[in-house]
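Hi everyone, thanks for having me. I'd like to walk you through one structure today, so please have a look at it while I talk.

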Amino acid sequence: MHTPVQPGIPRFLQDGVFYQEHHPDPAFGDQIYCLWQLRTTYALPNDCHYLVVPDACIDLVFDLSEQADQAVLVMSPGIRALDLNLGRQFHYCGIRLYPGVWRGSQHIIAQSQTFPSLGGLDMPAFIRQLSACSEADQQQLLQHFVRQLTMQGIANDSAWMPQLLAQADRLTSVDDLVRVSGYSRRHLQRLFSEKTGFSAHDFLKILRFHQALTTQRLDAYTDQSHYIREFKRITGITPVAFQKKYR
C-alpha cells in the first residue's frame, strides 16, 4: 500500500514542531489519505525549513495563524522535494488527497494555487470556523468539505486508483501498472497524465521512493548506487544525510 509519509521536519526543531496525521472516516478512505496538523509549540529560535517530499498526492492547506492569508492553498511537490520556509511560528491543518482525486491535478503538480472561495464556501469564513473549533470537529469539517468538492466535480472518487495503490509494493514497471489496472498501455499513460499530472514512469519513481523511505526495502532499485542516485535526485541529499537531518 502506498504510504505517503512526510518526514521533513528538521531534527533540531523536533521538540518545537508538532505534526500529526489522522485517518479519515471509512466513507472517505478512497479519497483522503489523511487529515493533518502542523504547528509550533513555542516560538522557534530559527526559521523552520520544512522539506515536502514527492508523494503524488494533492494537499489542501489551511493557515490557521492570526495573520494568515485567508485562502486555501492547493499544492503538490511534483517529482522533486520542496523546501518551504515556514518561519518561527505557524499553525496549519490540511487534507492529503490520494493521487487522481483532485480534478485538474496537472495544473497543480510542482506548483500551487490559492483559492479565496472553493466548493461554494467562502474560505476566510471557513478558515475562521476551523480555527475556532476542536481538532475532532476540524476533521469533520474537512471531510464535509471534501464531500462538497466531490458533489461539485472538483474532486473525483478516483475509483481506478485504489486498486493500484493497494498493490504499490508489487509495482516496479509500467507493465505492472497495465496488468493491475486492466487498461491498455496507451490508455493508462493518458489516464495518469490527465488524472494525476504525472507520467506513469514518474509515478512509479515516487512509489519506489516511498517504499524505500518507509520500509528500507530496496527491491525496486537495481543496486545501492541506483537507490542513492535516485534518492539524491528527489531530495537533493543522500539517504544518510536525510536521516541525520530529518526526523
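So, how many salt bridges does a search of the whole structure find? The search finds 7 salt bridges. Before I go on, one thing to keep in mind: this is a predicted model.

Quick reminder for anyone new to this. Side chains of opposite charge can pair when their charged atoms come close.

Let's start with Asp55 and Arg96. They form a salt bridge, with the closest N and O atoms 3.9 Å apart. This pair links distant parts of the chain: Asp55 sits in the loop between β3 and β4, Arg96 is in strand β7, and the two are 41 residues apart. Are these two buried or exposed? Asp55 is buried, and Arg96 is buried too.

Now stay with Arg96, please. Its side chain also meets the side chain of Asp59 in a salt bridge, at 3.1 Å from N to O. Arg96 is in strand β7 and Asp59 is in strand β4, so this pair ties together parts that are 37 residues apart in sequence. Again, both Arg96 and Asp59 are buried. And what is linked in a network of salt bridges here? The members are Glu21, Asp55, Asp59 and Arg96.

Glu230 is buried, with a relative accessible area of 9%, while Arg233 is partly exposed at 36%.

The largest pocket holds about 450 Å³ of space. It is lined by 26 residues, and the closest to its centre are Val61, Leu73, Met75, Leu84 and Tyr92. Which strands supply at least two residues each to that lining? They are β2, β3 (49-52), β4 (58-63), β5 (72-76), β6 (82-85), β7 (91-97) and β8 (111-115).

Why does Gln37 count as buried? The cut-off for buried is under 20% relative accessible area, and Gln37 counts as buried because its relative accessibility is 5%. What does its side chain do in there? The side chain of Gln37 makes a polar contact of 2.3 Å with the side chain of Gln138. Another polar contact, of 3.4 Å, joins the side chains of Gln37 and His91. Leaving out residues up to four places away in sequence, Gln37 touches Phe18, Tyr19, Gln20, His91, Tyr92, Cys93, Glu135 and Gln138.

Now for some backbone angles. Most residues other than glycine have a negative phi. Ala56 has a positive phi of about 70°, although it is not a glycine. Ala56 lies in the loop between β3 and β4, and it is buried, with a relative accessible area of 3%. Ala110 also has a positive phi, near 65°, and is a residue other than glycine. You'll find Ala110 in the loop between β7 and β8. Is Ala110 buried or exposed? Ala110 is exposed, with a relative accessible area of 53%.

Last stop: Asp30. You'll find Asp30 in the loop between β1 (17-22) and β2 (32-40). It is partly exposed, with a relative accessible area of 46%. How far apart are Asp30 and Leu97 in sequence and in space? They are 67 residues apart in sequence and 8.9 Å apart in space, going from C-alpha to C-alpha.

Technical notes. Residues are numbered from 1 along each chain as its sequence is written. This is a predicted model: local features need pLDDT of at least 70, side-chain atom pairs count only at pLDDT 80 or more; totals for chains, interfaces and linings use all residues. Side-chain values use heavy atoms; hydrogens and water are left out. Helices (H or I, at least four residues) and strands (E, at least two) are DSSP runs, numbered from the N terminus. Buried means under 20% relative accessible area, exposed over 50%, partly exposed in between (1.4 Å probe, protein chains only). On a 1 Å grid over the protein atoms alone, a cavity is a set of points where a 1.4 Å probe fits but cannot get out, and a pocket is an open set with protein on both sides within 12 Å along at least five of seven lines; lining residues have an atom within 4 Å of a point. Grid points are joined across faces, edges and corners, and a volume is the space filled by probe spheres set on the points. A polar contact is a pair of N or O atoms within 3.5 Å; within protein, one must be able to donate a hydrogen and the other to accept it, and residues adjacent in sequence count only if both atoms are side-chain atoms. Contact means heavy atoms within 4.5 Å. A salt bridge is a side-chain nitrogen of Lys or Arg within 4 Å of a carboxyl oxygen of Asp or Glu.
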